[in-house]
Amino acid sequence: MNPTRRDISPRTRNKVACVIGRAAQLIRLRGWCIGALRDDSGRVCLMGAIRETSKPYATKIRFTAYDVVNQKLRRQNADIHSWNDQQTSSDRVSDLLESVAKELDPHYTLEAICIHGLPMDSRCYACFSEAY
Ligand SMILES: [Zn+2]
């Protein structure tokens with residue numbers, strides 16, 4: 001059972017769109033990989049990126065984000081597990097994530113994020129601890 005756009009409240013829809021949009025940013029920032037959620041150099045795959053950017057939120061947000069991306073890929077006869085590894089450029093992956101985020105909530109804002117996938121102004125705990 002997957003949530004469709006109508007089943008998700010506007011508030012959750014915005015959160016999930018931000019998580020997915022930031023995942024696109026994170027791939028652009030850290031680089032993209034296949035075959036692992038995260039490789040030794042910190043590059044992330046599609047699911048790995050969503051895993052990172054959804055960390056501040058309830059698990060439900062992460063799984064809703066996976067579901068929404070999966071629904072989009074299913075229209076292309078693919079799924080979230082295999083699609084990433086079939087791609088040949090990170091831009092294709094980031095572009096897909098950005099289009100899913102926009103479809104989900106056209107009003108979501110794409111902001112600058114830190115290396116951990118959180119908005120720059122969000123007092124990222126990991127950035128804070130690295131600074132001291
Ligand atoms: Zn950070």
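In the predicted model, Asn77 lies in the loop that connects H3 and H4. The phi angle of Asn77 is near 55 degrees, a positive value in a residue other than glycine. Most residues other than glycine have a negative phi. Asn77 is classed as exposed because 7 other C-beta atoms lie within 10 Å, the limit for this class being 12 or fewer. A positive phi is also found at Arg123, near 50 degrees, again in a residue other than glycine. Arg123 belongs to the loop between H5 and helix H6 (125-131). With 9 other C-beta atoms within 10 Å, Arg123 is likewise exposed.

The protein chain as a whole contains six helices and zero strands, and its order along the sequence is α-α-α-α-α-α. The radius of gyration of the protein chain is 14 Å, which agrees with the value near 14 Å that a compact globule of 132 residues would have. Along the principal axes, the C-alpha trace spans about 45 × 35 × 20 Å. Buried residues make up 37% of the 132 residues. Of the contacts between residues at least 6 apart in sequence, 60% join residues at least 24 apart.

Helix H2 (46-53) is largely enclosed by the rest of the structure, since eight of its eight residues are buried. These residues are Leu46, Met47, Gly48, Ala49, Ile50, Arg51, Glu52 and Thr53. The elements covering the buried residues of H2 include H1, H3, H4 and H5.

Helix H3, formed by residues 59-74, has 16 residues. From the first C-alpha of H3 to the last, the helix reaches 22 Å, close to the 22 Å expected at 1.5 Å a residue. Within H3, the residues Thr64, Ala65, Tyr66, Val68 and Val69 are buried. The buried residues of H3 pack against H1 and H2, as well as against helix H4 (80-86) and helix H5 (90-104).

The largest nonpolar core has 32 residues, of which Ile20, Ala23, Ile50 and Leu97 touch the most other members. Two or more residues of this core are given by each of H1, H2, H3, H4 and H5. H1 provides the largest share, nine residues. In soluble globular proteins, nonpolar side chains tend to be buried together. When residues up to four places away in sequence are not counted, Leu97 touches Ile20, Gly21, Ala23, Ala24 and Leu46. Among these partners, Ile20 and Ala23 are themselves listed with Leu97 as touching the most other members of the core, and Leu46 is one of the buried residues of H2.

Cys18 is located in helix H1, which covers residues 10-30. Cys18 is buried because 24 other C-beta atoms lie within 10 Å, where the class requires 20 or more. In sequence, Cys18 and His107 are 89 residues apart, while their C-alpha atoms are 9.9 Å apart in space.

Key. Residues are numbered from 1 along each chain as its sequence is written. This is a predicted model: local features need pLDDT of at least 70, side-chain atom pairs count only at pLDDT 80 or more; totals for chains, interfaces and linings use all residues. Helices (H or I, at least four residues) and strands (E, at least two) are DSSP runs, numbered from the N terminus. The radius of gyration is taken over C-alpha atoms; the globule rule is 2.2 Å times the number of residues to the power 0.38. Two residues are in contact if their C-beta atoms, placed from the backbone, lie within 7 Å. The expected span of a helix is 1.5 Å times one less than its number of residues. A nonpolar core is a set of buried Ala, Val, Leu, Ile, Met, Phe, Trp, Tyr and Cys residues joined through C-beta atoms within 7 Å.
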